[in-house]
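Visitor: Could you walk me through reading this model, one feature at a time?
Guide: Gladly; let us look at it together.

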Amino acid sequence: MEKRMVEHTGRFLRINLSTGEIRTELIAEQVVMDYISGRGFGINYLYQELAPNIDPLGEHNKLLLLTGVLAGTTAQSVSRWMVYTKSPLTGCLARSVAGADFGAWIKFAGYDFIIVEGKAERPVYIHLTSDSCQIHDARELWGENTVGTQEWLCQRYGKNTRVACIGPAGERLVKYAAIVTGRRSASRCGVGTVMGSKKLKAIAISAQRDLQLHDPAGFKQLAKEQIELYRASKSFHNWKDMGTTNTQDITNKLGIFPVKNFRYGQQTDYKRIGGEEYRKLRIGDLGCYSCSARCSKVHSGRSTPYAGAHSEGPEYETIWVFTGPIDNTNIEATVAADQLCDDLGLDTISTGSCIGFAYELYEKGILTKDDTDGLELIYGNHSAMITLIKKIALREGLGDILADGTMRAADAIGKGAEAYAMHVKGLELSGYEPRGAKSMGFNYATSNIGAHHCYGYARQEVFGANIPRIVDRFAEEENADIVVYNQDFRAMIEVGIVCSFVSNWEWFPRLFGKMLVAATGIDRFADSDYLWRVGERIVNLERAFNVREGFSRKQDTLPQRMLTEPLHTRGAPGEGQMVRAMDKFLDQYYELRGWTKKGIPAPQKLNELGLNYVIRDITQHHSK
Ligand code: SF4
């Protein structure tokens with residue numbers, strides 16, 4: 001075994017809310033070698049510790065809050081954090097990433113990650129420092145929004161405190177509730193719902209910056225090199241200037257900006273929601289711990305009724321989801337919607353998608369004013385959208401049905417509503433039209449968390465990147481390798497929970513390996529083949545987790561609309577596109593992955609990845 005790393009804390013904290021037991025445990029060295037940290041630790045421990053088919057909202061589910069190995073260092077953009085659990089929205093794996101400072105603070109407290117298990121009898125919060133951890137009564141905080149909760153805890157514990165908490169949506173078990181820290185959130189897959197089910201209102205960490213590195217001088221030099229590369233990079237300056245607030249300019253031009261519940265790929269008058277319009281509302285910018293890109297653009301509404309609305313964001317997905325789905329071009333309403341979701345603790349993508357779904361049902365007559373508490377869900381009506389966000393968070397009226405996500409809401413509503421529910425495995429789609437960006441669409445179909453862009457972002461299709469090669473975004477039968485590449489790349493880089501924006505810049509992967517070595521002293525981490533193999537191992541173990549939960553080829557698909565209705569792009573490229581070769585794609589994708597035709601990792605592949613122990617768990621699924 002190589003020299004033990006010092007940058008890892010080498011330990012994690014286990015907190016059981018049923019028994020009140022709190023203990024520190026060591027991370028086995030083999031686990032470090034196989035998974036490095038971050039997402040690798042997440043799936044390793046979740047797979048090992050969760051029995052199959054448990055209730056995601058029951059006391060046997062666990063919530064893992066993870067940092068990456070470089071978190072809290074002076075390196076740029078490496079201090080994001082991640083949540084792993086079983087999703088109450090999808091019933092499969094949940095992975096959700098957030099920014100701000102909280103990841104660095106987990107590390108400063110002395111841990112690589114925290115496992116919360118069990119269920120408290122009444123609302124509690126956890127206060128963690130580098131030498132203590134206590135569970136406190138949170139009845140006073142229950143019902144408070146995420147801003148009030150964070151202010152209350154920071155006032156109590158002082159300025160070196162960072163908080164991750166849920167809002168009213170998590171308390172009410174809205175199935176796509178978020179965990180919020182600062183104004184950033186781990187929002188996908190219902191991770192805040194799981195936290196709410198444990199009656200855990202917040203985790204507050206008070207800690208001083210204090211880290212040890214294997215080679216401090218070498219690391220300092222690499223961090224300096226990284227800053228120089230940032231400064232010389234056009235991408236960095238674009239990012240610093242706009243963040244993602246102008247991505248909709250690109251996606252509308254490409255015809256992949258989903259409008260009216262994924263019927264159109266371009267919004268009429270899309271210049272009214274463009275980056276330069278957002279610039280007019282901008283009042284500042286913010287960033288995550290140790291990131292000079294500061295890509296969070298802060299906006300404030302100026303006109304009635306949104307004057308004073310204020311949000312850190314919206315970023316691209318939120319810009320899209322509160323405009324396209326309901327055909328709204330009032331960006332101040334989008335800012336207000338973003339603020340509401342952050343305050344109430346909601347995932348913006350699922351919230352806006354559920355609302356877009358309801359608008360289409362209203363247009364089709366499946367929902368009427370009697371069902372909507374008198375709201376007129378007519379395209380362009382942003383005021384009804386704002387009302388619906390509150391109703392979802394508080395589970396009132398139609399909001400109570402939409403709070404369970406489009407898949408369950410369609411079941412509850414009936415009358416053919418499922419044809420308009422845009423989800424994969426129960427997770428609502430991100431803001432890229434699969435028929436015009438097919439590698440992105442196939443990534444949605446095969447992602448182990450459901451339809452999420454970050455699981456394997458197809459940069460080649462949105463930004464024209466030529467790594468590993470140029471991609472025809474309309475091709476269906478020749479891009480399985482790109483989907484595999486994008487998914488494995490993301491898994492690899494997320495062992496350090498590196499920001500998805502900067503990790504794609506050409507030079508980053510090379511520097512990442514060197515930083516891992518300087519931080520840990522483990523030379524093998526400089527080997528890019530080794531890192532790729534870790535990424536592949538993670539994706540395979542995630543897949544095995546889902547197989548054990550009963551998922552297979554049947555769930556690797558896209559909404560019927562993408563398979564049967566032509567896309568309309570209003571003059572942009574891609575008019576008439578559909579996904580016609582899903583089965584062929586899956587055959588190719590599974591073959592490349594070394595999986596069976598049913599989408600189950602084959603024993604040979606699992607052996608090759610050192611995942612032999614998984615074979616016995618999923619044997620029964622091979623024979624089905
Ligand atoms: S680029 Fe933006 S999201 Fe990424 S680490 Fe920096 S501030 Fe955070």
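**Pockets, ligand and sheet**

Guide: Let us begin with the second largest pocket, which is lined by 19 residues, with Met 407, His 423, Lys 425, Thr 557 and Pro 559 nearest its centre. Some ground rules: this is a predicted model, where local features need pLDDT of at least 70, side-chain atom pairs count only at pLDDT 80 or more, and totals for chains, interfaces and linings use all residues. Residues are numbered from 1 along each chain as its sequence is written, and side-chain values use heavy atoms, with hydrogens and water left out.

Visitor: What counts as a pocket, a cavity or a lining residue?
Guide: On a 1 Å grid over the protein atoms alone, a cavity is a set of points where a 1.4 Å probe fits but cannot get out, while a pocket is an open set with protein on both sides within 12 Å along at least five of seven lines; lining residues have an atom within 4 Å of a point. Grid points are joined across faces, edges and corners, and a volume is the space filled by probe spheres set on the points. Here the second largest pocket has a volume of about 440 Å³.

Visitor: Which element gives the most to the lining of that second largest pocket?
Guide: Elements are DSSP runs numbered from the N terminus: helices (H or I, at least four residues) and strands (E, at least two). α16 gives the most, with three residues. α16 (405-413), β16 (423-424) and α22 (560-564) each supply at least two.

Visitor: How do the lining residues of the second largest pocket divide by class?
Guide: Ala, Val, Leu, Ile, Met, Phe, Trp, Tyr, Cys and Pro count as nonpolar, Asp, Glu, Lys and Arg as charged, and the others, Gly among them, as polar. This lining has nine nonpolar, six polar and four charged residues.

Visitor: Where does the ligand sit?
Guide: A molecule sits in a cavity or pocket if more than half of its atoms lie within 2 Å of its grid points. The ligand sits in the largest cavity, which holds about 90 Å³ of space. A search of the whole structure finds three cavities of 30 Å³ or more.

Visitor: Which residues surround the ligand?
Guide: A residue is near a molecule if one of its heavy atoms lies within 4 Å of it. Among those around the ligand are Arg 80, Arg 184, Trp 239, Cys 288 and Phe 501. By class, this shell has seven nonpolar, two polar and two charged residues.

Visitor: How should I read the sheet?
Guide: Strands of a sheet pair through backbone hydrogen bonds, either parallel or antiparallel. Two strands count as paired if DSSP finds at least two bridges between them. Six strands form an open sheet in the order β2-β1-β6-β3-β4-β5, with mixed pairing. β2 (22-26) and β5 (93-98) stand at the edges with a single partner strand each, so one side of each lacks a neighbour in the sheet.

Visitor: How do β1 and β6 run?
Guide: β1 (residues 11-16) and β6 (residues 113-117) run parallel, joined by five bridges. Arg 14 stands opposite Ile 115 in β6. β1 and β2 run antiparallel, also with five bridges, and Leu 13 has Thr 24 in β2 as its bridge partner.
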